[in-house]
Amino acid sequence: MNDASPKSGSRQTPGAAGADPIESHGRRGTPRVALALALGGGAARGLAHIGVLEVFEREGIRPDLIVGSSMGGLIGALRASGLRAADVMRVARGFHFPRRFLPGGTLKWRSLFAPAVRVLTSSFEELEVPLAVTAVDLEAGSQVILYTGPVLPAVQATCAVPGILAPVRLANRWLVDGGLVNVLPVDVAYVADPDVVVAVQVGTPRARRLPQLGWRVTALASRLGELLPNPATAKVTLEILMRSAEIVLDRQMELAAAMTGPEVLIEPDLGDMGLRDFDRLDAAVAAGRRAAEAALPEVFRLLESPPTAPSNRERVLRLRFDPVCAMVISPTRARANLVHGDTTYYFCSENCRDRFERDPVAYLAKGLPNLGSGGSAAA
């Protein structure tokens, strides 16, 4: 089987921190269904995750695993640390993006998310809820899944937006924002073989005007910028880069949701909220709350359904990868498989299986992803 089972990362998933295996989902008399919560990236728009957590907490829905990318990783880590939704919201009120920031410089993580530094002091093994976050190895160009060791540097890595926050050195890798390759990490939730995956996609503005592009002073500054860099040109450059990132992320989110197919996809309506609009916390949380409440009937229907496998309080995080695209794969959810030699390989799609079948030697020569040191796995 194309998998790696990290012994150091093994943990009890259902019933962690003494939670009752039935009552933790707010329903009695039904078999225990394992639920994983995948929180997507989206910078300030990720504040909507707090509203989803608030509704789940109110309804007694306790995730057995939280996976997150970028802002989803940060909010997920705060919840996994034991904070209630109201406490997460109080911490988030201290998040802010400086009004004056020009390309070419970088911000300190603490300057944006200072209140979180005081909270994220534990290790992954000490968390109330199991957690995994994604990052990207800047040099290898591969996804890295972080799930053991100190929480804070892992969260700093998953939020390290290139060009704004400096890369994080961790386990001999330079790591940056996990949203670069996996902005909605539904597949990462498969490490615990959950029965139900609920994904929260915060998206990006589909359309947004950039008034700076029409300013006369901008046109003059741009001409001057051809000769000499200046703050006005740098500001316009930043706006163009941020808008370009929004467009790329929006496309990636749609593809991620379509490819991985979570059982429930929650999409808060955040309108034109931008990636830097941390001052719109209350509106973002309200949008997350409304979207979660609309999804409750489907969530409870799934939680009251028979589990796909016998309940196992000793669930282990198992890393299995599609050898072609390196997506995390669960054999129960794989859309194709193939026996090669004495090993069964699992694939995210028939297309990946067919590509592997045409030239298995080439893909196996690359080597399957191996566990990295320092509590991570490269994919």
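Modeller: In H1, the buried residues are Ala48, His49, Ile50, Gly51, Val52, Leu53, Val55 and Phe56. Buried means under 20% relative accessible area, exposed means over 50%, and partly exposed lies in between, with a 1.4 Å probe and protein chains only. Helices (H or I, at least four residues) and strands (E, at least two) are DSSP runs, numbered from the N terminus.

Colleague: What kind of model is this, and how are the residues numbered?

Modeller: It is a predicted model, in which local features need pLDDT of at least 70, side-chain atom pairs count only at pLDDT 80 or more, and totals for chains, interfaces and linings use all residues. Residues are numbered from 1 along each chain as its sequence is written, and side-chain values use heavy atoms, with hydrogens and water left out.

Colleague: Back to H1, then. Why does H1 count as largely enclosed?

Modeller: Because 8 of the 11 residues of H1 are buried, the helix is largely enclosed by the rest of the structure.

Colleague: What do the buried residues of H1 pack against?

Modeller: They pack against strand S2 (35-39), H2, helix H3 (85-92), strand S8 (196-200), strand S9 (264-266) and H8. Contact here means heavy atoms within 4.5 Å.

Colleague: How do H1 and H8 pack?

Modeller: Helix H1 (residues 48-58) and helix H8 (residues 281-303) have axes 6 Å apart, at an angle of about 45°. Axes are lines fitted to C-alpha atoms, for helices over the stretch in contact, and angles run from 0 to 180 degrees between N-to-C directions. H1 and H8 are therefore oblique to each other. Angles under 35 degrees count as roughly parallel, over 145 as roughly antiparallel, 65 to 115 as roughly perpendicular, and the rest as oblique.

Colleague: Which kinds of residue make that contact of H1 with H8?

Modeller: Among the residues that meet are Val52 and Phe56 in H1 and Ala284 and Leu296 in H8. The residues of the contact of H1 with H8 divide into 11 nonpolar, 2 polar and 4 charged. Ala, Val, Leu, Ile, Met, Phe, Trp, Tyr, Cys and Pro count as nonpolar, Asp, Glu, Lys and Arg as charged, and the others, Gly among them, as polar.

Colleague: What about H2 and H4: at what angle do their axes cross?

Modeller: The axes of helix H2 (residues 71-80) and helix H4 (residues 109-117) cross at roughly 25° and come within 11 Å. That makes H2 roughly parallel to H4. Met71, Leu74 and Leu78 of H2 make the contact with Trp109, Phe113 and Ala116 of H4. These residues of the contact of H2 with H4 are 6 nonpolar, no polar and no charged.

Colleague: Changing topic, is glutamine 156 buried or exposed?

Modeller: Glutamine 156 counts as buried, because its relative accessibility is 17%. Glutamine 156 lies in helix H5 (residues 151-158), and 7 of the 8 residues of H5 are buried.

Colleague: What does glutamine 156 touch?

Modeller: Not counting residues up to four places away in sequence, glutamine 156 touches Trp109 and Val168. Valine 168 lies in strand S6 (residues 168-170) and is buried, with a relative accessible area of 13%.

Colleague: Finally, how many helices and strands does the protein have?

Modeller: The protein has 10 helices and 14 strands. Buried residues make up 55% of its 379 residues.
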